[in-house]
Amino acid sequence: MNNKNYILNTGSETKHRLSILEKIYGEYTSKLFQEINFQKGMKVAVIGCGSGSGIEQIYEKIGSDGRILCLDISAEQVSLTRSMLDSKEINNVDYIVADIEKYIGNCDYDVVYCRFVLIHLQNPILALKNMLNLIKENGFIACEEHNYEDIFNYPTSNSIDKYRALLKKISNILQLDYAFGKKLYYEMNLLNVDISYIKKFVPLCTSYDEKTLLLLSLIEEEKRFISQNLLKEGEIKEMIEEMQIIADKKEIIQSPGSVFQCIGKKK
């Protein structure tokens with residue numbers, strides 16, 4: 001991964017965590033796609049393609065006459081997306097390894113889409129501008145972004161509260177905004193985007209698998225927290241043990257944070 005500010009694992013090392021993330025947030029992406037005016041033959045750019053989540057749904061809507069661009073800063077993620085789509089015989093795809101904060105494309109696409117990308121960028125506004133440069137006049141931009149501030153656990157948990165506080169501290173150190181989701185509507189309006197759809201969803205997790213998402217994230221982020229002197233190894237161990245207990249208890253409810261969705265037309 002070339003993005004030094006990305007504190008989670010990528011590629012095959014995080015396949016299980018991403019599968020849980022998709023289980024929790026995937027239904028909201030499907031709802032977003034229902035609101036986009038996809039048509040057969042469209043050209044769609046997917047920014048931060050990750051492991052390819054959601055791309056098959058896009059393909060089903062635009063068909064083999066359309067074209068999909070998969071762009072990610074990680075060569076490994078692009079490779080994983082390519083392998084997944086090749087296995088499904090989805091071949092009308094272009095792959096680019098690039099940083100959306102630096103990538104300037106032509107206005108060739110009808111739709112540009114990203115999920116949980118802007119929160120990991122030091123200049124998400126520049127990324128939005130570059131995304132808009134990818135689409136034609138009257139084309140659509142669709143974004144989904146996370147807000148860590150809505151992470152909660154009931155009954156309250158010291159480890160979950162501490163984890164939320166750690167995310168705030170590390171985002172400040174790295175000059176990121178893990179709460180960018182709540183700013184999405186405002187910032188897109190400032191870019192002269194005609195907003196047609198705005199939603200916020202807060203997933204509620206009760207199953208063991210769903211409640212391990214924050215635990216798995218903490219395990220992947222452990223080294224970064226320790227290297228920044230935000231936690232000691234003993235503290236991390238205590239947090240992991242408590243979060244494991246939380247996941248095991250079916251009566252406990254948890255949210256890994258909200259997602260804000262926005263669709264707008266380029267003027």
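**Figure 1. Helix H1 passes helix H7 in a left-handed crossing.** Left-handed here means that the near helix is turned anticlockwise from the far one by less than a right angle; clockwise would be right-handed. In this predicted model, local features need pLDDT of at least 70 and side-chain atom pairs count only at pLDDT 80 or more, while totals for chains, interfaces and linings use all residues. Residues are numbered from 1 along each chain as its sequence is written, and side-chain values use heavy atoms, with hydrogens and water left out. H1 covers residues 15–35 and H7 residues 213–227, and the two pack at an angle of about 145° with their axes 10 Å apart. Helices (H or I, at least four residues) and strands (E, at least two) are DSSP runs, numbered from the N terminus. Axes are lines fitted to C-alpha atoms, for helices over the stretch in contact, and angles run from 0 to 180 degrees between N-to-C directions. On the H1 side, the contact uses His16, Arg17, Ile20, Leu21, Ile24 and Tyr25; H7 brings Leu213, Leu216, Ser217 and Glu220. Contact means heavy atoms within 4.5 Å. Sorted by type, the residues of this H1–H7 contact come out as six nonpolar, two polar and two charged.

Figure 2. From H7, look for Leu214, Leu215, Leu218, Ile219, Glu222, Phe225 and Ile226; from H8, for Glu233, Ile236, Met239, Ile240, Met243 and Gln244. The tally for the H7–H8 contact is 10 nonpolar, one polar and two charged.

**Figure 3. H8 has helix H5 as a neighbour too, their axes coming within 8 Å and crossing at roughly 125°.** That makes H5 oblique to H8. The crossing of H5 and H8 is left-handed. Asn158, Ser159, Ile160, Lys162, Tyr163 and Leu166 in H5 meet Glu235, Met239, Glu242, Met243 and Ile246 in H8. By type, the H5–H8 contact holds six nonpolar, two polar and three charged residues.

**Figure 4. Seven strands make up an open sheet of mixed pairing, ordered S3-S2-S1-S4-S5-S7-S6.** Two strands pair if DSSP finds at least two bridges between them. S3 (93–97) and S6 (193–201) are the edge strands with a single partner each, so one side of each is left without a neighbour in the sheet. From one strand to the next, the twist averages 15°. H5 (residues 158–174) packs on this sheet and touches S5 and S7, its direction making about 140° with that of S5.

**Figure 5. Strand S5 pairs in the parallel sense with S4 and antiparallel with S7.** Six bridges tie S4 (residues 109–115) to S5 (residues 135–154), and Tyr113 stands opposite Ala142 in S5. The chain gets from S4 to S5 through helix H4 (residues 124–134), a right-handed β-α-β crossover. In such a crossover, with the strands pointing away from the viewer, the path from the first strand over the helix to the second runs clockwise. S7 (residues 253–266) is joined to S5 by 12 bridges, with Phe152 standing opposite Ser255 in S7.

Figure 6. Most residues other than glycine have a negative phi, and most peptide bonds are trans.

Key:
Nonpolar A, V, L, I, M, F, W, Y, C, P; charged D, E, K, R; others polar. Parallel < 35°, antiparallel > 145°, perpendicular 65-115°, else oblique.
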